[in-house]
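The sequence and the structure come first.

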Amino acid sequence: MHVAEMDFEIAEPIRARLAQMVAESDLGYLGPIPEVAEAFERFASTRWGWNIDPKQLKLATDVGVATVEFLRANLKTGDRVVITSPVYSGFFEWLNELHIEPFDVPLNHTEHGWRLDLAGIEAAFAQAHLTLLLCNPHNPVGRAFDRTELTALAEIAARYGAVVISDEIHAPLTYGEFTPYLSCGPNAEKTGVVITSSSKSWNLAGLKAAFLLTQNEKMAARVAKVAPATHWRTSILGAFSMAVAYSDGGDWLDATVSRLDENRMHLQVELARLLPQVRFELPEAGYLAWLDISDLPLSAQQILEDAKVALVPGPDMGGATYENWVRLNFGTGKAIITEGLERIAGVL
Ligand SMILES: Cc1ncc(COP(=O)(O)O)c(C=O)c1O
């Protein structure tokens, strides 16, 4: 229940395309592939009412490479990047790779759930930390930020001339409404670059394909600074699978979201039954649960060693503040979710 991938079989149209490419020995370098932008254009407009500019889509190996290369091309020595912990551990690793120090503006944990600290983000921009790496939907808390919040963020970013990199890799797995950052009006278009992939939602992370997308010429110019080889370093299997996911993977996606929706409810019921000390708020997107284990006399390490259940320790998501939290992956079978919780309860 650790790494963010699902225990589900992949979508049939993707399997068929991969099998065909292998059968035809079509495994060389990736050339131009307009199919990705065409497929994502239809997907984004049908699902989210978002009209992209397909000409501004640029492929990259994966979301990590896309983000690192964008930052490498656009930041100068000493610049810091604003992040909003608790957040995906990869963000810390990517910044570390570039010797960039994160500037943390933690999310606010309110009675309505997790919210961006917009005043804190504005203060960071005012201190000239002018790049925000946003995670929307947010791993690990599962928040899909709403239009009001994102529009307010875009207004602040535009006022300070900041750049918002919006990592939307978990977006297709949103249970309710998902709001793409770039759909939030002119200020978002002026400030935003979306980095995403089909890899998380269609369970294809090992295939290596992602893209950067902008909706404004100035932001496109920033993406154009990314080394051209980033396109060619994308896998041909990954890129074609991504096109197929967006064009023909809708039924599989809908079935997966229903299954995950049942799983998150199952997790809630089973936590209340087996580990009532653990606090849990239903995620709005994705298959990751962010659990407050303050009242459990076990650490993530003890849960691993004694119960043999691997969870992501909270500190991986932003340091010691998250000592009493763990992230659990429920993208699996219900019986396994129950067994995991039973094993933890069994060592109490
Ligand atoms: C928010 C977020 N971004 C990026 C990634 C990794 O993406 P990639 O494998 O494309 O680098 C993950 C993986 O879990 C993630 O949760």
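In what follows, a residue is buried at under 20% relative accessible area, exposed at over 50% and partly exposed in between (1.4 Å probe, protein chains only). The model is a predicted one, in which local features need pLDDT of at least 70 and side-chain atom pairs count only at pLDDT 80 or more, while totals for chains, interfaces and linings use all residues. Residues are numbered from 1 along each chain as its sequence is written, and side-chain values use heavy atoms, with hydrogens and water left out.

**Aromatic contacts**

A pair of aromatic rings is described by the distance of the centres and the angle of the planes. Rings of Phe, Tyr and Trp (its six-membered ring) pair if their centres lie within 6.5 Å; planes under 30 degrees apart count as stacked, over 60 as edge-to-face and the rest as tilted. A search of the whole structure on these terms returns 18 aromatic pairs. One of them joins Phe 40 and Trp 48, with ring centres 6.3 Å apart and planes at 65°, so this pair is edge-to-face. Phe 40 and Trp 48 are both buried.

Phe 40 also pairs with Tyr 246: the centres are 4.8 Å apart and the planes lie at 70°, so this contact is edge-to-face. Helices (H or I, at least four residues) and strands (E, at least two) are DSSP runs, numbered from the N terminus. Phe 40 belongs to helix 2 (residues 34-48) and Tyr 246 to helix 10 (residues 236-248), so the pair ties together parts that are 206 residues apart in sequence. Tyr 246 is buried, as is Phe 40. Ring pairs build a cluster from Phe 40, Phe 43, Trp 48, Trp 50, Phe 178, Trp 202, Phe 211 and Tyr 246.

The charged end of Arg 259 sits over the ring of Phe 8, 3.9 Å from its centre. For Arg 264, the charged end sits over the ring of Tyr 175, 3.9 Å from the centre of that ring.

**Cavities and pockets**

Rolling a probe the size of a water molecule over the atoms shows where empty space is left. On a 1 Å grid over the protein atoms alone, a cavity is a set of points where a 1.4 Å probe fits but cannot get out, and a pocket is an open set with protein on both sides within 12 Å along at least five of seven lines; lining residues have an atom within 4 Å of a point. Grid points are joined across faces, edges and corners, and a volume is the space filled by probe spheres set on the points.

There are 4 cavities of 30 Å³ or more, and the largest cavity holds about 60 Å³ of space. Its lining includes Pro 137, His 138, Asn 139, Pro 140, His 170 and Tyr 287. Domain bounds come from an automatic or database domain assignment. Domain 1 (12-249) and domain 2 (251-346) both give residues to the lining of the largest cavity, so the cavity lies between them.

For the table, Ala, Val, Leu, Ile, Met, Phe, Trp, Tyr, Cys and Pro count as nonpolar, Asp, Glu, Lys and Arg as charged, and the others, Gly among them, as polar.

| Space | Volume | Lining by class |
|---|---|---|
| Largest cavity | about 60 Å³ | 5 nonpolar, 5 polar, no charged residues |
| Largest pocket | about 440 Å³ | 11 nonpolar, 8 polar, 7 charged residues |
| Second largest pocket | about 240 Å³ | 10 nonpolar, 3 polar, 2 charged residues |

The largest pocket is lined by 26 residues, of which Ala 4, Tyr 88, Ile 169, Lys 200 and Ala 205 lie nearest its centre. Helix 3 (63-74) and helix 4 (89-97) each contribute at least two residues to the lining of the largest pocket, and domain 1 and domain 2 each contribute at least three.

In the second largest pocket, 15 residues form the lining, and Pro 54, Lys 55, Leu 57, Lys 58 and Leu 59 lie nearest its centre. Helix 2, strand 1 (57-60) and helix 8 (217-224) each supply at least two residues of that lining.

**Backbone geometry**

Most residues other than glycine have a negative phi, and most peptide bonds are trans. The peptide bond from Ser 85 to Pro 86 is cis, with omega near 0°; Pro 86 lies in the loop between strand 2 (81-83) and helix 4. Another cis peptide bond joins Asn 139 and Pro 140, with omega about 15°. Pro 140 is in the loop between strand 6 (131-135) and helix 6 (147-160), and both Asn 139 and Pro 140 line the largest cavity.

His 99, a residue other than glycine, has a positive phi near 60°. His 99 lies in the loop between helix 4 and strand 3 (102-104) and counts as exposed at 75% relative accessibility. Lys 308 has a positive phi near 55° and is located in the loop between helix 12 (300-307) and strand 12 (312-313). At 57% relative accessibility, Lys 308 counts as exposed.

Technical notes
A charge sits over a ring if NZ of Lys or CZ of Arg is within 6 Å of the ring centre and within 35 degrees of the ring normal.
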